[in-house]
Structure formats: structure tokens, C-alpha cells
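Have a look at the structure first.

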Amino acid sequence: EACLEAQVTPSFYVRRNVVVNPRGAAVSLSTELTNTSDTRQPFLWFEHPAFPLTADMELSLSGTLLQVPKDRHSESMTLPSGGEAQWPRIPVVEGSVDVGRLPGTGVEKVFLASPTNPSATLAWPSLRRQITLRWDGELFPYLWIWIQNQAQRYPFLGRTACVALEPATSPTMGGLGVAVKHGFAQYLEPSATRATRIELLLGEY
């Protein structure tokens with residue numbers, strides 16, 4: 001077990017406990033965000049667990065709409081920016097692409113509307129192993145998926161292959177100001193604390 005604490009901004013203090021349960025093959029991350037100011041404060045919250053990307057990796061989600069964001073064009077898909085498609089297939093020029101079958105090429109950033117079940121599973125069939133990520137669907141109604149497969153853009157320069165599953169409070173990429181403008185920011189009252197927990201569960205495929 002480990003505890004991390006920090007005043008991450010002048011207005012917010014974060015405390016996180018990380019607990020590893022080797023018998024249950026699980027990792028639990030409990031986090032508290034406290035507004036230390038004397039005014040109501042907006043915030044964005046993105047978790048960013050990342051995993052090595054391999055050729056046979058598969059991603060599973062439940063009943064979600066997938067959308068390529070209007071402010072981040074895809075390098076590997078040809079779905080028009082801002083378009084939607086039923087998970088897991090995205091229409092491309094010739095047919096469609098199953099996003100659940102990884103890896104893609106280049107960097108792909110998409111967001112998904114609230115999953116029917118706030119969880120996602122990465123599986124490695126050749127290893128007969130899988131990891132399931134569970135999160136608080138009320139706090140994090142969106143899941144960003146970041147695929148980095150040896151893209152040449154800075155700062156990775158073709159040296160990184162990973163996929164990140166990012167529970168998020170907002171579907172916007174433009175920062176806190178954009179989230180506030182479009183009604184996607186969350187708020188904390190003075191001295192209030194918001195607590196949440198994320199779990200990683202290792203199992204057999």
C-alpha cells in the first residue's frame with residue numbers, strides 16, 4: 001500500500017491510496033480531491049492508466065457510441081471528425097474497422113458516451129490473460145481511448161506502443177475553459193471533497 005498527497009493547484013489538494021492485492025490479482029486506486037479555496041471551483045478529471053500494446057490485444061466495452069472528437073483528427077481512421085458510430089466498428093473508405101481489435105496505426109484519440117457498464121477489458125488471447133478496468137460512472141461518464149503505436153510525432157518519435165483507457169469527466173479536448181463553456185466541467189464547493197475509486201482486475205481470458 002502506498003499513499004500520495006499533493007497540492008496540485010492553488011485550489012485543489014489530492015490524496016491517493018494505491019493498494020495491491022496479490023492474492024486477488026487486483027490494484028485499487030482510491031482518490032480524494034479537495035477544494036482548499038474559499039470559492040466554488042470547476043475542474044476536469046482524467047485518469048490515465050496505460051498498458052503495453054501488442055499485436056493480439058483486444059478491447060471490450062459495452063453498448064457505447066464512439067465518436068472521433070472535433071478537435072483531434074484521427075491519423076488511422078477516416079471517420080469524419082465529429083462523426084459517430086456504434087461500438088466497436090467505425091466506417092472507413094472501404095468497409096469498416098473494428099476498434100476493439102488493436103493495434104491501430106499512429107495516434108488515435110476517440111471518446112465514448114457513457115458505457116452501459118463503466119468498465120473496459122483488455123485481453124491478450126495468446127497469453128490467456130485479461131485486465132478489467134472499473135471506474136465510477138457517475139464522476140467519469142466518458143472514456144477516452146488513446147492508442148499510441150509507434151507514431152512519429154513528438155515526443156514519442158516512433159518509440160512507444162501503448163494503449164491508455166482514460167475515464168474522464170469531460171468529452172472535450174480544449175481544456176477547462178472549453179469544458180466550462182459547454183457545460184462539461186464539474187464543480188466543488190469550498191472545503192468540499194470528492195472521492196472515487198478505480199480498480200484493475202487481472203484474470204484469465
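## Surface patch

Patches here are built from residues with over 30% relative accessible area and no salt bridge, joining like charges within 9 Å and nonpolar side chains (Val, Leu, Ile, Met, Phe, Trp, Tyr) within 5 Å. A salt bridge means a side-chain nitrogen of Lys or Arg within 4 Å of a carboxyl oxygen of Asp or Glu. Leu 176, Val 180 and Tyr 187 make up one such nonpolar patch, and together they have about 220 Å² of accessible area (Shrake-Rupley, 1.4 Å probe, with only the protein chains shown counting as cover for residues).

Tyr 187 belongs to strand β16, residues 186–188 (strands are DSSP E runs of at least two residues, numbered from the N terminus). Tyr 187 counts as partly exposed because its relative accessibility is 35%, where under 20% is buried, over 50% is exposed and partly exposed is in between.

## Ground rules

It's a predicted model, so local features need pLDDT of at least 70 and side-chain atom pairs pLDDT 80 or more, while totals for chains, interfaces and linings use all residues. Numbering runs from 1 along each chain as its sequence is written, and side-chain values use heavy atoms, leaving out hydrogens and water.

## Phe 51

Phe 51 sits in strand β5, residues 50–52. Its relative accessibility is 9%, so Phe 51 counts as buried. Phe 51 and Cys 162 are 111 residues apart in sequence, yet their C-alpha atoms are 5.4 Å apart in space.

Definitions and conventions
Helices (H or I, at least four residues) and strands (E, at least two) are DSSP runs, numbered from the N terminus. Buried means under 20% relative accessible area, exposed over 50%, partly exposed in between (1.4 Å probe, protein chains only).
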